[in-house]
Amino acid sequence: MVGVMSENLHGSVLKLRNDICHGEIKDTHSIVVATISTLKDIIDNTEWTTAKDLMDIITWNGKYLIEVLPLQACIGNMVRRILQIIREEYTSELKNKTEETDPQESLHKIVTEGDQQIDFNVLVPSLKSSLIEHVNEFEAELETCSQNITQQASEHIHSDEIIMTFGSSQLVEEFFKKAAETRAFEVIVVEGGPSLTGHNMVTNLAKVKIKTTLISDAAIFAMMSRVNKVIIGTQTVMANGGLRAISGTYNVAQAARHYSVPVMVLLPLYKLSPLYHRSHKHDDFNCLISPMQDVIDSANAPVVERIQAYNPLFDYVPPELVTLFITNTGGNAPSYVYRLLSELYHPDDYEL
């Protein structure tokens, strides 16, 4: 049972839910762009008077999306980001309004002890236009997010290095291609069983003349001693700097730690979540997918009936196994994640 009822929800929210559930929107970046577009539509086409009314509407609709799509942490991240934009624009517009009315009057009557005490019930007529403009700027920032990360490739990949990656990631692939424009290096790709997405990565890198070797998951530890660094993508980064990454990533990170090989994670900031890891089995962290197609041969039906197999989609990689996050604003250590969170989201919005 979903805690937030679907009645009185904005139509674009229900459409977004259906598009994601039916697989029409798949990758994280596309989900983020669609979520921001949906929230902008709510701001522009929903009746609200004060910032408090709008924040309640955004929170209500966002909470529904989070509950029906618990594995898509990026949706909750974007809801919190929009709430932060509302807070920033409201405070800015309110300050301008106060200064125009009475230059001698300060915000002391409205702000008692910091931002958390701001009264969001004051009417600010110019707020909607300011919000739409700010959200448009944020959308433009999202369009260049991946490009800003790949532009840093030559800073982290050097000539004649051997780099290991896991499975297939569009961002990691573009990162390697950008580095290959000025560097000659070798990539070892772990195939990432049972889905074997690493095969696609090898094919795409070979097309641009990058020297590439495909290995099985069982060969990770044996090959790690030859590797200079590990570069991987991730699905989500938790508030403590830990990763929710595709299953098998933990094995790579552990092997890298044994051989003191640095692990670098490409992190668009829309994947940074203010939530903490609680349990591998929790519904909002992991899910079990069918093992019948990739793990167990269903042809042996009598044997299959006596086997209980688990095929989790994600691994949790603790922050101590990560060396560096390469974000669209630069490189940051896992210990710096708390500062990034404070810049992106307001503490009151961590728990919607």
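Biologist: Of the contacts in the chain with a separation of 6 or more, what share comes from residues 24 or more positions apart?

Modeller: Contact means heavy atoms within 4.5 Å. Here, residues 24 or more positions apart supply 79% of the contacts in the chain with a separation of 6 or more. The model is a predicted one, in which local features need pLDDT of at least 70 and side-chain atom pairs count only at pLDDT 80 or more, while totals for chains, interfaces and linings use all residues. Residues are numbered from 1 along each chain as its sequence is written, and side-chain values use heavy atoms, with hydrogens and water left out.

Biologist: How many helices and strands does the chain have, and what percentage of its residues count as buried?

Modeller: Helices (H or I, at least four residues) and strands (E, at least two) are DSSP runs, numbered from the N terminus. The chain has 13 helices and 10 strands. Buried stands for under 20% relative accessible area, exposed for over 50%, and partly exposed for what lies in between (1.4 Å probe, protein chains only). Of the 352 residues, 48% count as buried.

Biologist: Take helix 9. Which of its residues are buried?

Modeller: An α-helix has 3.6 residues a turn, so residues three or four places apart point the same way. In helix 9, which spans residues 198-207, the buried residues are Gly198, Met201, Val202 and Leu205. They cover an arc of only 100 degrees around the axis, which puts them on the same side of helix 9. The arc is that of the directions from the helix axis to the C-beta atoms.

Biologist: What covers the buried residues of helix 9?

Modeller: The cover includes helix 8 (170-180), strand 2 (186-190) and strand 3 (211-215).

Biologist: At what angle do the axes of helix 8 and helix 9 cross?

Modeller: Axes are lines fitted to C-alpha atoms, for helices over the stretch in contact, and angles run from 0 to 180 degrees between N-to-C directions. Angles under 35 degrees count as roughly parallel, over 145 as roughly antiparallel, 65 to 115 as roughly perpendicular and the rest as oblique. The axes of helix 8 and helix 9 cross at roughly 25 degrees and come within 11 Å. That makes helix 8 roughly parallel to helix 9. From helix 8, Val172, Glu173, Phe176 and Lys177 make the contact, and from helix 9, Met201, Asn204 and Leu205. By class, this contact of helix 8 with helix 9 has four nonpolar, one polar and two charged residues. Ala, Val, Leu, Ile, Met, Phe, Trp, Tyr, Cys and Pro count as nonpolar, Asp, Glu, Lys and Arg as charged, and the others, Gly among them, as polar.

Biologist: Now helix 1 and helix 3. At what angle do their axes cross?

Modeller: The axes of helix 1 (residues 11-21) and helix 3 (residues 51-68) cross at roughly 15 degrees and come within 10 Å. Helix 1 and helix 3 are therefore roughly parallel to each other. Val13, Leu14, Leu16 and Arg17 of helix 1 meet Asn61, Tyr64, Leu65 and Val68 of helix 3 in the contact. By class, the contact of helix 1 with helix 3 has six nonpolar, one polar and one charged residues.

Biologist: Back to helix 9. Which residues is His199 in contact with, leaving aside its neighbours within four places in sequence?

Modeller: On that basis, His199 is in contact with Glu191 and Leu214. His199 lies in helix 9 and counts as partly exposed at 33% relative accessibility. His199 and Ser168 are 31 residues apart in sequence and 7.9 Å apart in space, C-alpha to C-alpha.

Biologist: And where does Leu214 lie?

Modeller: Leu214 lies in strand 3 and is partly exposed, with a relative accessible area of 37%. Leaving aside neighbours within four places in sequence, Leu214 is in contact with Val189, Glu191, Gly198, His199 and Val202. Leu214 and Ile188 are 26 residues apart in sequence, with 6.0 Å between them in space, C-alpha to C-alpha.

Biologist: Which residues does the cis peptide bond join?

Modeller: Most residues other than glycine have a negative phi, and most peptide bonds are trans. Here a cis peptide bond joins Gly193 and Pro194, with omega about 5 degrees. Pro194 lies in the loop between strand 2 and helix 9.

Biologist: What is the phi of Leu196, and what is that of Asp160?

Modeller: Leu196 has a positive phi of about 60 degrees although it is not a glycine. Leu196 is in the loop between strand 2 and helix 9 and is partly exposed, with a relative accessible area of 33%. Asp160, also not a glycine, has a positive phi of about 65 degrees. Asp160 lies in the loop between helix 7 (153-156) and strand 1 (162-166) and counts as exposed at 68% relative accessibility. Just after helix 9, Lys209 takes a positive phi of about 65 degrees.
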